[in-house]
Amino acid sequence: MGKSWTLITHLHTVAGPTITLLYPLYASVCAMESPTKVDDEQWLSYWIIYSFITLLEMIAEPVLYWIPIWYPVKLLFVAWLVLPQFKGASFIYEKLVREQLKKYRARHLRTGPAVPPAADDQKVHIAKVQ
């Protein structure tokens with residue numbers, strides 16, 4: 001019982017990188033090689049969301065340290081994002097990320113850019129130097 005219990009309790013050290021990195025990496029490469037774009041969207045969505053989660057973890061690390069169930073909850077959430085039966089990454093991207101981008105673009109197009117784009121600014125600077 002002792003060795004098997006130790007194996008079970010430390011399974012997350014293997015499951016974490018497998019679920020969050022290894023399988024998505026393999027699936028992303030397979031998606032790049034496939035002729036359809038549907039799987040490309042799933043894996044691009046996954047990497048966007050996973051990057052966001054990682055950034056949030058870095059910022060909130062002092063608080064998350066005191067939440068003992070954070071890592072198992074994160075693994076379950078990432079499994080939902082990754083597993084093709086659920087396509088959670090595409091769902092989150094469609095419902096949250098894309099909606100926020102649409103709002104931002106609509107607001108940005110309505111008000112116009114506050115500062116000139118960097119490329120135009122550089123052209124003006126180069127023209128003044130010459």
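**Close-up views of the predicted model**

**View A. Surroundings of Leu-81 in the predicted model.**

**View B. The largest nonpolar core, to which Leu-81 belongs.** This core has twelve residues. Besides Leu-81, its members are Ala-27, Ala-31, Trp-43, Tyr-46, Ile-49, Tyr-50, Ile-53, Val-78, Val-82, Ala-89 and Ile-92. At least two residues of the core are supplied by each of helix H2 (12-33), helix H3 (38-59), helix H5 (70-82) and helix H6 (88-111). H3 provides the largest share, with five residues.

**View C. Helix H6, with a kink centred on Glu-94.** The kink in H6 is about 40 degrees. The 24 residues of H6 should span 34 Å at 1.5 Å a residue, and the end C-alpha atoms are 34 Å apart, in agreement with that expectation.

**View D. The buried residues of H6 and their cover.** Gly-88, Ala-89, Ser-90, Ile-92 and Tyr-93 are the buried residues of H6. The elements that cover these residues include H3 and H5.

View E. With neighbours within four places in sequence left aside, Ser-90 is in contact with Glu-41, Gln-42 and Ser-45.

Definitions and conventions
Residues numbered from 1 in each chain as written. Predicted model: local features only at pLDDT ≥ 70, side-chain atom pairs only at ≥ 80, totals over all residues. Heavy atoms only, no water. Core = buried A, V, L, I, M, F, W, Y, C linked by side-chain atoms within 4.5 Å. Buried < 20%, exposed > 50% of the residue type's maximum accessible area, 1.4 Å probe, protein only. Helix = DSSP H or I, 4+ residues; strand = E, 2+ residues; numbered from the N terminus. Contact = heavy atoms within 4.5 Å. Expected span 1.5 Å × (residues − 1). Bend = angle between axes of the 7 residues up to and from the residue.
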